[in-house]
Amino acid sequence: MATTDPHRYRHPRQATALTLAHALSAAEHGLSVIPLSRTKLPALRSPHHDDDRKRAGLGPVGPAGVPCHGECGRFGHGVYDASADPARVRELFAAAPWATGYGIACGLPPHHLIGVDLDTKSDTDSTAALRELALRHHFTIPPTIVVRTPSGGRHLWLTGPPDVIVPNSAGRLAPGIDIRGAGGYLVGPGSHTTHGTYATTPGTAHLTPAPCPHALLRLLLPPHRPYPAPRDATRAAGARGRGLLQFVLAAHEGQRNTRLFWAACRAYEAGIGPELTEHLIEAATRTGLTAQEARATITSAARMPRDHGAPGTT
Ligand SMILES: [Zn+2]
């Protein structure tokens, strides 16, 4: 049987050791990693798999019925498992001895990595498309780490500012150009998949990820839309959701975070946390919090055991 995958001839344990070495090297550079299987998917299965099935359509849920992003303390939450702590990285790979690759989480400090994924599978020339975008919007892609994919595509690694959340997108910028942002991950160089090996392109491995040019960053952010009336924003969440949003919107400086936390706790108790989250973030940014601060506060609220969290008055 013909194959070009060198791992085929290696002992699986040796393959995992090599993958771990690559992942640890990335972690050493401040990148948060997770083990991947040959299919490029997170190698560790969700510990809530059975719950997931029972509550089909509601997304991964933890024991308390709220979406679990690792609050249960176990592995298997996809990109939420990602860590740059060598000890934790070793634990993750020990739990997934079948891993042949690793994913690098985008959007996390300190680098706030943004991946520009130039596809070659489609008929369109994504490299030419990016060049055209650069000409039209007056930016140049700085020298940075570039990873070649088994299919001949390229991943350009850029960094974003800490207070900006770059969403994932596929083909929005131009055909054949996908963006890996917050909640997404890039397959790390040295990873082996069913399609082959990922490797840095010659001359880029020693570079550090370069800051994303401002003009490009603007293109990556969702178009600004005016904040919808809470009535419209939370039709689904009902009167409860509208009340919580108003509570957040009415916050003075000094009580913004406390109010947001309280409202998020109430939302999760009422079972409308997930659907209200984006609206809460939008409301909080109107009071002056950054989207990232708001998201962190809501994440903390989601982790609270229910029936906790008191209204803030300061
Ligand atoms: Zn969990």
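Which backbone nitrogen does a side-chain oxygen of aspartate 125 reach at the start of α4? It is that of threonine 127, and the oxygen comes to within 3.1 Å of this atom.

Before I continue, please note that this is a predicted model, in which local features need pLDDT of at least 70 and side-chain atom pairs count only at pLDDT 80 or more, while totals for chains, interfaces and linings use all residues. Residues are numbered from 1 along each chain as its sequence is written, and side-chain values use heavy atoms, with hydrogens and water left out.

Let us turn to the helix itself. Helices here are DSSP runs of H or I with at least four residues, strands are runs of E with at least two, and both are numbered from the N terminus. Helix α4 comprises 12 residues, 126-137. Its buried residues (under 20% relative accessible area, 1.4 Å probe, protein chains only) are Ser126, Ala129, Leu130, Leu133 and Ala134. They lie on the same side of α4, because they cover an arc of only 140° around the axis, taken from the directions from the helix axis to the C-beta atoms. These residues pack against β3, β5, β6, β7 and α5. The face turned away carries Arg131, Leu135 and Arg136, which are exposed, that is, over 50%. Just after α4, histidine 138 takes a positive phi of about 60°.

Finally, I come to serine 37, in the loop between β1 and α2. Serine 37 has a relative accessible area of 16%, so this residue is buried. Leaving aside neighbours within four places in sequence, serine 37 is in contact (heavy atoms within 4.5 Å) with Pro42, Ala43 and Thr100.

Key:
The expected span of a helix is 1.5 Å times one less than its number of residues. A polar contact is a pair of N or O atoms within 3.5 Å; within protein, one must be able to donate a hydrogen and the other to accept it, and residues adjacent in sequence count only if both atoms are side-chain atoms.
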